Amino acid sequence: MSNVLSVVRTNANDLYIREFMLFMRSDKGARPKTLTGYETDLKRFAAHFKTRDLLELRQQDIREYKFGLVDKGLAPRTVNRAISVIRSFYEYFVDHDDYEIVKNPAKNVQGMKVPRTVPITLGEQQAKTLLDGIMLTGKHAVRDYAIFATFLYTGLRVSELINLKTYDINFEDSYIHVRDGKGGKDRLIPMIPQLANALQLYLQTGVVYDELAKSQSKISRYRCGRTYFVQGTDDQTLFLTQFGTPYSRKGIDCLFKGYAQRLGIYKEGLSLHALRRSCLTFLHKQGVDLFVLKEISGHARVQTLEHYLAIDNSKVLEAMRSHPLHNHQIDRGLVEMVRSSR
């Protein structure tokens, strides 16, 4: 009997998850990566309660599930994301009259405290070492320099960089058009001359290569522009591998770590995302306002940047001292006047 009950509950829970995922896909327009993450979290949740109907769970059940994830060694951020997904799942069913659930059991389940860590970034000198080292030692220096200059001068996400097309680079008005970024949003990022020059060199250098030149092993690394990498049909992807294919996240990561290790700037935890943080940190240290950085980075909220940037906290007090009322002293005459009027 218990086995039959388990099958019935599992089937019902599967239907709940499918309905919610359809809602996320069609009504919310969630991205494929988001959908995959949601489905993974919900299936793990349903597997834990396979003999129970998910819509009949109580707050205590959700809380115990949360601590079960902690006991399994999941990181606080991972646990919090799972609870957030579950909270959204229940919110959908609470809002629909077709179901008898009237209260979200996950609504008041507290998240885990996330330890504050210092974001890993490249220092200014390390960033210069990376760019200079690429141009001096890179097998495909012009292309690789353009790739990492784009990271360091714009703060693009990896997914945004590998999806860039040649027509997204506007040299006339000096901006890069980021299409369909996180949350499906487009944005324009201004190009400074150094980046524009690097991209022009990559796009315009070595326009003509005959088959003999391509077959030679001693091709000048300074002449290997984009045309050298094009093979077959050209879909205008900006950065191409030596096989003529668009870069994958893993491919770019391997390229970066190879240079970082060779140039002596690699450290534990250094990743491509550190390049994005480095760019935004450099700009912030030069006085760029957080609201401007939000537009450059494509973040939805300014608050995200507070945990994102490698900011020297010792400068916070210094900044506060620039407040126009910093040296204000209470008017003693006003104090006496108020006291005497009582």
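Predicted model: local features only at pLDDT ≥ 70, side-chain atom pairs only at ≥ 80, totals over all residues.

Reader: Okay, which residues touch the most other members of the largest nonpolar core?

Author: Idea first: a nonpolar core is a set of buried Ala, Val, Leu, Ile, Met, Phe, Trp, Tyr and Cys residues joined through side-chain atoms within 4.5 Å. Buried means under 20% relative accessible area, exposed means over 50%, and partly exposed is in between, using a 1.4 Å probe and protein chains only. Here the largest core has 50 residues, and Leu130, Ile147, Phe148, Phe151, Leu199, Phe239 and Leu275 touch the most other members. Helix H6 (residues 141–154) gives the most to this core, namely 8 residues. A second, separate core has 31 residues, including Tyr38, Ala82, Tyr92 and Val109.

Reader: At what angle do H6 and H8 pack?

Author: Axes are lines fitted to C-alpha atoms, for helices over the stretch in contact, and angles run from 0 to 180 degrees between N-to-C directions. Under 35 degrees counts as roughly parallel, over 145 as roughly antiparallel, 65 to 115 as roughly perpendicular and the rest as oblique. H6 and helix H8 (residues 193–204) pack at about 150°, their axes 9 Å apart. That makes H6 roughly antiparallel to H8. On the H6 side the contact includes Ala146, Ala149 and Thr150, and on the H8 side it includes Leu195, Ala198 and Leu199. Sorted by type, the contact of H6 with H8 has 10 nonpolar residues, 3 polar and 1 charged. For that count, Ala, Val, Leu, Ile, Met, Phe, Trp, Tyr, Cys and Pro are nonpolar, Asp, Glu, Lys and Arg are charged, and the others, Gly among them, are polar.

Reader: And how do the axes of H6 and H11 cross?

Author: The axes of H6 and helix H11 (residues 249–262) cross at roughly 95° and come within 12 Å. So H6 is roughly perpendicular to H11. Asp144, Ile147, Phe148 and Phe151 of H6 meet Ile252, Leu255, Phe256 and Tyr259 of H11. That contact divides into 7 nonpolar residues, no polar and 1 charged.

Reader: Is His177 buried or exposed?

Author: His177 is buried, because its relative accessible area is 17%. His177 sits in strand S2 (residues 175–178). Leaving aside neighbours within four places in sequence, His177 is in contact with Leu164, Asp168, Asp186, Arg187 and Leu188.

Reader: What should I notice about the phi of Ser174?

Author: Most residues other than glycine have a negative phi. Ser174 has a positive phi of about 60°, although it is not a glycine. Ser174 lies in the loop between strand S1 (169–170) and S2. Gln236 has a positive phi of about 70° and is not a glycine either. Gln236 counts as partly exposed, at 29% relative accessibility.

Note on methods: Residues numbered from 1 in each chain as written. Heavy atoms only, no water. Helix = DSSP H or I, 4+ residues; strand = E, 2+ residues; numbered from the N terminus. Contact = heavy atoms within 4.5 Å.
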